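Here is a friendly walk through one chain, with the model open beside the text. Let us take it heading by heading.

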Amino acid sequence: MSLKKLNTVLAAVVVLFTLYLGLSFVLPLGTTFPGLANWPSDGSGFSIVKGSREIAMGLAMGILLVTGHRRPLGWVLLMVAVAPFGDMVNVLAHHGSTAAALGIHGLTAALIAVTGLLTLRETRTTPATAAQPA
């Protein structure tokens, strides 16, 4: 499998999972917040804010993927990896489950960051390739 195909599959998985996660926070699907037992109650609007963030990130990545803007997609994937990393730090800072913080949020951040780096590697230009006519 070529690097471009692998990156496309990984990016599509990230996009679909991010959109699913966002919708699960916005729609009443009984979503919990992994890692912490004392999250704000459902009436606080916390899940709507968290879900809206996930949906916005998923749409941004999805648009770049569908339109073929590979290099910007790589940069946006790296930017999006900050969100689950922040969630991991939040869980750890509030004495939540270390296993959930590292196993859910940490691994998610790492997967998204690796996908972004692979996409950037795929799209980098070298002097030899930049000098060739299209």
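## Overall picture

How far apart do the end C-alpha atoms of residues 73-93 lie, and what percentage of the span is helix? The end C-alpha atoms lie 30 Å apart, and the span is 95% helix and 0% strand. Please keep in mind that this is a predicted model, where local features need pLDDT of at least 70, side-chain atom pairs count only at pLDDT 80 or more, and totals for chains, interfaces and linings use all residues. Residues are numbered from 1 along each chain as its sequence is written, and side-chain values use heavy atoms, with hydrogens and water left out.

The chain has six helices and zero strands, giving the pattern α-α-α-α-α-α along the sequence. Helices (H or I, at least four residues) and strands (E, at least two) are DSSP runs, numbered from the N terminus. Of the 134 residues in the chain, 34% are buried. Here buried means under 20% relative accessible area, exposed means over 50%, and partly exposed is in between, using a 1.4 Å probe and protein chains only. Among contacts (heavy atoms within 4.5 Å) between residues at least 6 apart in sequence, 72% join residues at least 24 apart.

## Annotated spans

The unreviewed UniProt entry carries the annotation "transmembrane region" for residues 48-66, 73-93 and 99-120. UniProt positions follow the numbering used here, feature names are shortened, and annotations may be inferred rather than shown by experiment.

What does the model show for residues 99-120? That span is 100% helix and 0% strand, and its end C-alpha atoms lie 30 Å apart.

## The nonpolar core

The largest nonpolar core has 14 residues, and those with the most contacts inside it are Met61, Leu73, Leu77, Val80 and Ile112. Helix H1 (3-26), helix H2 (46-67) and helix H3 (70-80) each supply at least two residues of this core. A nonpolar core is a set of buried Ala, Val, Leu, Ile, Met, Phe, Trp, Tyr and Cys residues joined through side-chain atoms within 4.5 Å.

Which residues does Leu73 contact, leaving aside neighbours within four places in sequence? They are Ala11, Met61, Leu64 and Leu65. Ile112 is in helix H5 and counts as buried because its relative accessibility is 5%. Beyond residues up to four places away in sequence, Ile112 touches Val14, Leu77, Val80, Ala81 and Pro84. Ile112 and Ala81 are 31 residues apart in sequence, yet 5.4 Å apart in space, C-alpha to C-alpha.

## Where H3 meets H4

The axes of H3 and helix H4 (residues 82-93) come within 5 Å and cross at roughly 10°. That angle makes H3 roughly parallel to H4. The axes are lines fitted to C-alpha atoms, for helices over the stretch in contact, and angles run from 0 to 180 degrees between N-to-C directions. Angles under 35 degrees count as roughly parallel, over 145 as roughly antiparallel, 65 to 115 as roughly perpendicular and the rest as oblique.

Leu78, Met79 and Val80 in H3 meet Val82, Ala83 and Pro84 in H4. The residues of this contact divide into six nonpolar, no polar and no charged. In this grouping, Ala, Val, Leu, Ile, Met, Phe, Trp, Tyr, Cys and Pro count as nonpolar, Asp, Glu, Lys and Arg as charged, and the others, Gly among them, as polar.

Thr115 lies in helix H5 (residues 98-123) and counts as buried because its relative accessibility is 0%. Not counting residues up to four places away in sequence, Thr115 touches Asn7, Leu10, Ala11, Val14 and Leu77.

With residues up to four places away in sequence set aside, Glu54 touches Thr18, Leu21, Gly22 and Asp87.

## Loops and an exposed isoleucine

His95 is placed in the loop between H4 and H5 and counts as exposed, at 74% relative accessibility. His95 has a positive phi of about 60° although it is not a glycine. Most residues other than glycine have a negative phi.

Gly45 lies in the loop between H1 and H2 and counts as partly exposed, at 24% relative accessibility. Gly45 and Val26 are 19 residues apart in sequence and 9.4 Å apart in space, C-alpha to C-alpha. Ile63, found in helix H2, counts as exposed, at 53% relative accessibility.
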